[in-house]
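Here are my notes on this one, written with your modelling work in mind. Have the structure open while you go through them.

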Amino acid sequence: MPSIPTLAVEGLRTHFFARAGVVKAVDDVSFSLGAGRIMGLVGESGSGKSVTGYSIMGLVDPPGRIVAGRVLLDGQNLLALAPDALRAMRGKRIAMIFQDPVMTLNPVLRIDTQMIEAIRAHERIGERAARERAREALARVGIASPDERLRAYPHQFSGGMRQRVAIAIAFLNRPEVIIADEPTTALDVTIQGQILYEVQRLCRESRTALLWITHDLSLVAAIADEVAVMYAGRLVEQGEADAVLRAPLHPYTRGLILSLPSRNERGKPLRQIPGTPPSLLGLPSGCAFRDRCPRATEACLAEPPLSTIGARAVRCFHPHQGEPAASEETSGSAA
């Protein structure tokens, strides 16, 4: 009998009801994530990846609304829970690391106050034991002198140190799932590398499933076991990270990889995907990527289904098959 995934998202749809019309920010998104696994959710700005994360957490504010789908945590549908029951789950069984630690940390409270409250909100534990757990959590994310740092205020930390504190808080109650929304975007490369190493280690040790939302494919290559690529509110490709990054099936995924500066030849212009993403208020019929795609045909005027090719899923009528990302043919057409 197959095991139940730690997190399963099924047919998730989140729409924003604006005066100009309905924005389908997340449109029929489905994926699953097992214990201790890390999935990179990637795409350009506006693709719907962050809204997917907020939808899983139940943090979508009006005029946004989750209109369909299920979010299953160990088989339990979070979207069917009453607000109080869902609030009790957040921070305990499912947690989120925000892009800006200012959204996590209260500037007028000491770090120990915030961490101890985060623990005692979910379990009956003495203050001394909660403080010791908080101290250990800071030490695990590489913060030196954790006893002294616990007595500090957020403004006394650098940006990288504040993000480490936010990550420590996310892991405090040993949640089954953590959603990380581009938490290292504003950090320098050295600090980013250190945080990635700590997060990977914590996930392996605690068997926590991690959904890492980012636009940075090189980061995904370093941290993720699986990759899910979003475009215009939909998943267009999903599979094991090594397979997707080595030989992407969808032309959009291929364009993202070929746009990486590390793949560019010295003295030549950077490759880019032509055009811009369509407005979610007026998506074209059929494949949303067809106006930017070098492989588009009349067949793309219809909506492509999400098909399975081997162990991968792709939403395309003309996927690349068996072609590495560095192939001459695609490099030329994506330039």
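The points below go from the sheet to the helices and then to a few single residues.

1. Ground rules. This is a predicted model, so local features need pLDDT of at least 70 and side-chain atom pairs count only at pLDDT 80 or more, while totals for chains, interfaces and linings use all residues. Residues are numbered from 1 along each chain as its sequence is written, and side-chain values use heavy atoms, with hydrogens and water left out.

2. The sheet. Helices (H or I, at least four residues) and strands (E, at least two) are DSSP runs, numbered from the N terminus. Two strands pair if DSSP finds at least two bridges between them. On that basis there is an open sheet of eight strands, in the order 6-7-8-3-9-10-12-11, and its pairing is mixed. Strand 6 and strand 11 (307-309) are the edge strands; each has a single partner strand, so one side of each lacks a neighbour in the sheet. From one strand to the next the twist averages 20°.

3. What packs on the sheet. Contact here means heavy atoms within 4.5 Å. Axes are lines fitted to C-alpha atoms, for helices over the stretch in contact, and angles run from 0 to 180 degrees between N-to-C directions. Helix 1 (residues 49-57) packs on the sheet and touches strand 3, strand 6, strand 7, strand 8 and strand 9 (226-231), with its direction at about 145° to that of strand 6. Helix 6 also packs there, touching strand 6 and strand 7, and its direction makes about 175° with that of strand 6.

4. Strand 6. Buried means under 20% relative accessible area, exposed over 50%, and partly exposed in between (1.4 Å probe, protein chains only). Strand 6 runs parallel to strand 7 (residues 177-181), and four bridges join the two. Ile-94 sits opposite Val-177 of strand 7.

5. Strand 8. How many of the six residues of strand 8 (residues 209-214) are buried? Six of the six are, so strand 8 is largely enclosed by the rest of the structure. Ala-209, Leu-211 and Ile-213 are on one face, with Leu-210, Trp-212 and Thr-214 on the other. Strand 3 (residues 38-42) runs parallel to strand 8 and is joined to it by five bridges; Ile-38 has Leu-210 as its bridge partner. Strand 7 is parallel to strand 8 too, again with five bridges, and Ile-179 stands opposite Leu-211.

6. Helix 6 against helix 7. Two packed helices are described by the angle between their axes and the distance between the axes. For helix 6 and helix 7 (residues 189-206) the angle is about 10° and the axes are 11 Å apart. The two are therefore roughly parallel to each other (angles under 35 degrees count as roughly parallel, over 145 as roughly antiparallel, 65 to 115 as roughly perpendicular and the rest as oblique). On the helix 6 side the contact is made by Gly-160, Gln-163, Arg-164, Ile-167 and Phe-171; among the residues of helix 7 are Ile-191, Ile-195 and Val-199.

7. Ala-166. This residue is in helix 6 (residues 159-171). Ala-166 counts as buried because its relative accessibility is 2%. Apart from neighbours within four places in sequence, Ala-166 is in contact with Pro-101 and Thr-104.

8. Gln-114. Beyond four places in sequence, its contacts include Thr-104 and Pro-154.

9. Thr-184. This one lies in the loop between strand 7 and helix 7, and is buried at 2% relative accessible area. Its side chain makes a polar contact of 3.3 Å with that of Gln-192. A polar contact is a pair of N or O atoms within 3.5 Å; within protein, one must be able to donate a hydrogen and the other to accept it, and residues adjacent in sequence count only if both atoms are side-chain atoms. Leaving aside neighbours within four places in sequence, Thr-184 is in contact with Gln-192, Ile-195, Trp-212 and Leu-219.
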